[in-house]
Amino acid sequence: MAWRMLRRKDVQAGLVKLAFRTDHGGTKHFSSANLGKLTQFVHSNRLQGAVNCTIFQHYTIRNFHAGVYMLAWSRKKEDVVGLKAPKKEKRVKREPRTQAPVEVPYVAPKPKITIKSSPDKIVEIFDGMTLHDLSKRSGAAINALQSILADLGERVESEFDTISIDLAELVAMEIGVNIRRMHTGEGVVEPRPAVVTVMGHVDHGKTSLLDSLRQTSVAAKEAGGITQHIGAFVVEMQSGASITFLDTPGHAAFSAMRARGAAVTDIVVLVVAADDGVMPQTLEAISHAKVANVPIVVAINKCDKSGADPERVKIQLGSEGLLLEDMGGDVQVVEISALSKLGLDKLEEALFLQAEIMDLKARTDGPAQAFVVEARVDRGRGPLATAIVKSGTLVSGQYIVVGAEWGRIRSLRDTAGKVTESAKPAMPIEIEGLRGLPMVGDDVVVVDSEERARMLSQGRKKKQEKDRLRKIDEDMTEEAEIADETPERVEMPIIVKADVQGSVQAVTDALRSLNSPQVFVNIVHVGVSPVSEHDIDLAQACRAYIVGFNVRNPPSAITQGATQANIKILLHKVIYHLLEEMGRLIVEKAPGTAETQISGDAEVLNIFELKGRSKSKGPDIKIAGCRITDGHFSRSGTMRLLRSGDVVFEGPCASLKREKQDADTLDKGDCGLVIEDCDDFQVGDTIQCLEQVMRKPKFISTQSGAVRIEC
């Protein structure tokens with residue numbers, strides 16, 4: 001709007017008069033000298049740069065609000081270079097491009113690398129392997145492995161560049177395959193002590209044997225005289241040499257512990273009682289040793305008892321496929337007595353002879369490789385792991401990864417509880433400084449830095465969670481397939497708390513073995529600690545039972561809270577008593593199965609017929625005069641009429657009387673009964689009374705300690 005007003009002729013004239021008017025003092029705004037200079041400037045060669053100037057006769061003024069269009073209008077016929085208004089060109093519509101430019105060829109986007117996981121595949125990795133080796137073993141493309149390494153902050157340009165064993169494990173976990181670490185045996189190799197595991201049936205004298213060997217009383221401290229978890233000890237023999245012993249539980253619930261003991265050991269001492277012979281856990285120990293390919297030394301204990309028969313034990317072992325020396329085999333047999341210390345020197349000689357034949361050696365320098373045999377939580381020291389060093393030297397202050405947990409070794413303690421700076425091969429050690437509680441059976445890996453330890457721990461936890469979810473999906477799929485075939489089960493949620501990690505796993509496995517078609521034992525939470533308020537809250541939320549094994553009694557406040565919430569806390573120190581009580585609770589909770597059983601038998605002696613009844617009372621009926629010979633008859637039951645062993649009729653009972661008196665239940669004796677819609681009675685027929693009963697399952701405990709629920 002402002003530009004249009006400036007273009008008007010009257011407005012231009014007014015602006016010129018305003019510029020050259022005289023004020024009250026008689027002076028002008030612009031002097032003639034300045035105007036002359038402006039005129040010279042306009043007519044000079046620099047006129048091309050003056051865009052916003054207008055010329056009126058001999059005066060030249062600067063219009064700061066004038067544009068190109070206004071200047072062109074004021075000059076009219078005069079042509080000033082550069083001041084003509086541009087002509088509008090006709091707009092031509094361009095056709096849209098339908099193809100890529102010729103100068104820049106089209107480049108397709110880089111496809112995203114997808115890796116197919118193989119959760120059942122096991123890849124062996126080792127320190128110094130190349131990307132080519134890892135790609136060949138795992139089946140993944142090299143560019144995919146390089147992409148994963150780039151995400152981890154590592155750059156590997158060539159496929160023949162070597163990577164560390166920790167990086168190889170991280171890459172393998174990202175691919176989705178299982179790994180097995182292969183440690184090198186290069187280095188300083190020295191002889192090491194033998195690791196001996198004592199195995200056998202429950203109460204055959206394993207702990208008493210170790211007690212006699214190390215001159216300390218351990219069995220007296222165990223609850224009920226039964227070993228509840230693995231114990232690792234170093235025993236100094238009379239000859240001055242040392243042997244590392246592992247004492248495994250003999251109860252049937254601790255099968256996993258015996259398998260772990262056989263996996264980490266060099267020699268298995270199979271203890272068999274001379275008065276009891278070969279038992280189920282004895283056979284299980286033999287199978288564990290054979291699977292682990294570990295030599296066996298048989299120790300026949302309790303030979304000083306009156307009912308001892310060592311020869312019978314040898315025959316039983318030979319029949320189970322164990323080739324003893326007396327029978328031409330290579331398995332040594334020693335007759336001992338742990339209490340009277342009879343034959344211990346011969347057992348020591350047999351162990352040293354077997355160790356000498358095996359020529360046990362291990363690498364003593366470089367990073368250590370260890371195996372966790374027990375784990376627990378101490379109130380003042382935190383998570384503790386008992387491990388046996390396989391090779392290398394474990395030094396205090398190193399960063400380690402144990403399973404899915406990591407930490408920095410704060411202190412190392414030997415079996416006597418003394419703090420030590422390092423641990424050599426075949427030495428049991430207690431590790432302090434872990435961030436969490438590891439699982440029994442995890443391996444101890446030494447890493448270079450805290451960052452690498454954290455990365456390995458996070459990667460393993462992530463893989464464990466993936467495996468757990470995959471297993472849940474598989475179980476849900478299997479349950480959905482057999483849901484129509486199995487009856488509905490009652491769920492029994494349980495929270496398990498124990499003193500050590502191995503006992504937690506053993507109790508959990510034993511409770512899960514009590515699953516039945518009627519009761520589903522659901523372990524909702526496990527932990528290595530006493531019963532806490534968190535356990536009470538969790539049990540109240542899911543109506544669970546709390547099982548505490550070998551833990552101290554909870555405070556009175558927690559006990560009162562559990563009583564008010566109607567939560568049962570079961571505390572035991574002996575595995576026998578725990579499984580027996582849980583078995584009784586499972587039987588009580590089971591709904592039972594409906595079954596039809598014969599409650600009584602009767603013989604038809606006479607037949608009575610009622611005729612001529614009124615319409616209001618119904619049609620004619622036949623009454624069977626019977627004599628109950630076995631069991632009892634109930635009016636609510638179903639009557640089955642048998643003739644010569646064949647079923648003639650089956651239906652509900654319409655009337656049951658004795659001496660003209662109606663009865664609901666009758667024992668042995670004479671009676672009269674009417675079966676609804678049945679009038680085909682004959683003298684000599686047999687009538688059975690059928691009743692629906694709910695049959696509860698049975699809790700069965702064998703002599704070997706194994707328990708089960710039988711429906």
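The axes of helix α5 (residues 131-138) and helix α6 (residues 142-151) come within 9 Å of each other and cross at roughly 115°. Here axes are lines fitted to C-alpha atoms, for helices over the stretch in contact, and angles run from 0 to 180 degrees between N-to-C directions. Helices (H or I, at least four residues) and strands (E, at least two) are DSSP runs, numbered from the N terminus. The structure is a predicted model, in which local features need pLDDT of at least 70 and side-chain atom pairs count only at pLDDT 80 or more, while totals for chains, interfaces and linings use all residues. Residues are numbered from 1 along each chain as its sequence is written, and side-chain values use heavy atoms, with hydrogens and water left out.

The crossing of α5 and α6 is right-handed; a crossing has this hand if the near helix is turned clockwise from the far one by less than a right angle, and is left-handed if anticlockwise. On the α5 side, Leu131, His132, Leu134 and Ser135 meet Ile142, Leu145, Gln146 and Leu149 of α6, where contact means heavy atoms within 4.5 Å. This contact of α5 with α6 has five nonpolar, three polar and no charged residues. In this classification Ala, Val, Leu, Ile, Met, Phe, Trp, Tyr, Cys and Pro count as nonpolar, Asp, Glu, Lys and Arg as charged, and the others, Gly among them, as polar.

Another helix pair is formed by α14 (residues 501-512) and α17 (residues 575-589), whose axes come within 11 Å and cross at roughly 35°. The crossing of α14 and α17 is right-handed. Val507, Ala510 and Leu511 of α14 meet Ile575, Leu578, Leu579 and Met582 of α17. The residues of this contact comprise seven nonpolar, no polar and no charged.

Helix α14 also takes part in the lining of the largest pocket, to which α7, β6 (178-182), α13, α14 and β25 (519-528) each supply at least two residues. On a 1 Å grid over the protein atoms alone, a pocket is an open set of points with protein on both sides within 12 Å along at least five of seven lines, a cavity is a set of points where a 1.4 Å probe fits but cannot get out, and lining residues have an atom within 4 Å of a point. The volume of the largest pocket is about 1,600 Å³. Of its 45 lining residues, Met439, Gln464, Asp467, Arg468 and Lys471 lie nearest the centre. Helix α13 provides the largest share of this lining, 13 residues.

There are three cavities of 30 Å³ or more. The second largest cavity holds about 60 Å³ of space and is lined by Met173, Glu174, Gly459, Lys462, Lys463 and Lys466. By class, the lining has one nonpolar, one polar and four charged residues.

The mean pLDDT (the predictor's confidence in each residue, from 0 to 100) of the chain is 76, and 73% of its residues reach 70 or more. Over residues 22-62 the pLDDT is below 50, and this stretch has 43 contacts in the model beyond near neighbours in sequence. Where pLDDT is low, the predicted coordinates should not be read in detail.

Key
Points joined across faces, edges and corners; volume = space filled by probe spheres on them.
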